[in-house]
Amino acid sequence: WRWVFIISGIPGFVLGILMLITVREPQRNDLSKRQDEPTSEDADPEAPTGCRRVGKVLKAFLKPSLMILIIAGAFRNGAGYVWAYNLQLYFETYYPGVSTGEWMSWVPLVGGSLGSVFGGIVSDLVIKRRGQYSRIGVLVVSQLLAAPFALGSVLIEPPYAFIMQIPTYIIGEAWVSVTLAVVVEVVPPYAKTSAIAVYLFIISNIGGNLPLLVPAIQTVANDSLRIALCVLYPGLYVFASVLFLISMIVLKIEMRSQEVYVPLLTERAQGVTPSYGSGDKEE
């Protein structure tokens with residue numbers, strides 16, 4: 001079985017060498033440099049260094065909408081870990097003799113890839129009509145739509161349980177690309193790379209430890225692995241969608257507050273008397 005991991009890892013080395021040889025960092029034009037690099041007149045530099053840079057990145061993550069979004073992503077990521085770690089055990093327990101490899105060797109690969117692309121395309125179309133916060137709406141809808149299929153994978157007998165996995169991956173895996181896109185969009189330009197690293201660190205550590213809850217819930221549920229998986233697989237889909245919805249609402253509030261607050265600061269910086277409404281008059 002070790003050769004499965006070795007063979008799976010070989011393409012990564014080949015692609016890594018290929019990228020090292022062929023991919024080149026594009027030259028940034030003057031406009032992008034002016035946007036990313038501060039001038040000497042800036043009182044608050046956009047690209048700080050050292051400890052201040054770390055502080056700026058951490059400050060960007062203290063936005064309530066982003067924190068809720070990352071926590072939601074961690075729980076959704078945990079649902080995938082729970083199913084992956086207990087998939088073989090589940091079918092061996094309830095349906096001995098069923099070969100999971102015939103289906104699960106290709107369903108996650110094909111369905112997950114299609115789901116990531118599907119989520120990115122749909123969110124790009126929605127954001128043009130509804131605004132930035134609507135991208136999170138795709139997360140809410142996709143996880144709610146995928147949850148019944150995930151539940152069917154646990155409750156229905158094979159091979160229909162495996163067939164349920166196809167829409168589960170195609171619809172449910174839309175969260176991967178969409179969540180990452182939202183994280184990149186809501187942080188400042190200088191913090192994008194660091195934001196991705198911190199985001200992946202958080203969701204991997206929280207999500208990766210959620211399978212530890214399976215034995216605890218299984219004990220409470222009279223040693224029923226099926227009930228434990230219902231709670232921690234489709235159940236986490238629904239829970240994550242609720243958190244995504246809260247994140248979308250909070251982000252919408254933050255965007256509206258910024259639309260009022262930023263022009264106000266600009267007017268004050270220019271020495272102009274702020275205008276708070278069309279009916280206000282200067283005294």
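Here is a friendly walk through the structure above, from its overall make-up to a few local details.

The model is predicted, so local features need pLDDT of at least 70 and side-chain atom pairs count only at pLDDT 80 or more, while totals for chains, interfaces and linings use all residues. Residues are numbered from 1 along each chain as its sequence is written, and side-chain values use heavy atoms, leaving out hydrogens and water.

Let us begin with the whole chain. The protein chain has 13 helices and zero strands, where helices (H or I, at least four residues) and strands (E, at least two) are DSSP runs numbered from the N terminus. Of its 283 residues, 35% count as buried; here buried means under 20% relative accessible area, exposed over 50%, and partly exposed in between, with a 1.4 Å probe and protein chains only. Among contacts with a separation of 6 or more in the protein chain, 74% link residues 24 or more positions apart, a contact being heavy atoms within 4.5 Å. Phe 239 belongs to helix H13 (residues 234-269) and is partly exposed, with a relative accessible area of 38%.

Val 14 lies in helix H1 (residues 2-22) and is exposed, at a relative accessible area of 53%.

The structure holds 13 aromatic pairs, counted when ring centres of Phe, Tyr and Trp (its six-membered ring) lie within 6.5 Å; planes under 30 degrees apart count as stacked, over 60 as edge-to-face and the rest as tilted. Tyr 233 and Tyr 237 form an edge-to-face pair, 5.5 Å centre to centre with 85° between the planes. Tyr 233 is buried at 2% relative accessible area, and Tyr 237 also counts as buried at 2%. Both belong to one aromatic cluster, whose members include Trp 83, Tyr 94 and Phe 162.

Arg 76 lies over the face of Tyr 237, 4.1 Å from the ring centre, and the charged end of Arg 226 is over the ring of Tyr 94, 4.4 Å from its centre. The criterion is NZ of Lys or CZ of Arg within 6 Å of the ring centre and within 35 degrees of the ring normal.

Finally, the backbone. Most residues other than glycine have a negative phi, and most peptide bonds are trans. A cis peptide bond, with omega about 5°, joins Pro 158 and Pro 159, and Pro 159 is in the loop between helix H7 (134-155) and helix H8 (160-172). In the loop between helix H11 (213-220) and helix H12 (225-232) you will find Asn 222, which has a positive phi of about 55° and is exposed at 74% relative accessibility. Asp 223 lies in the loop between H11 and H12, with a positive phi of about 60° and a relative accessible area of 58%, which counts as exposed.
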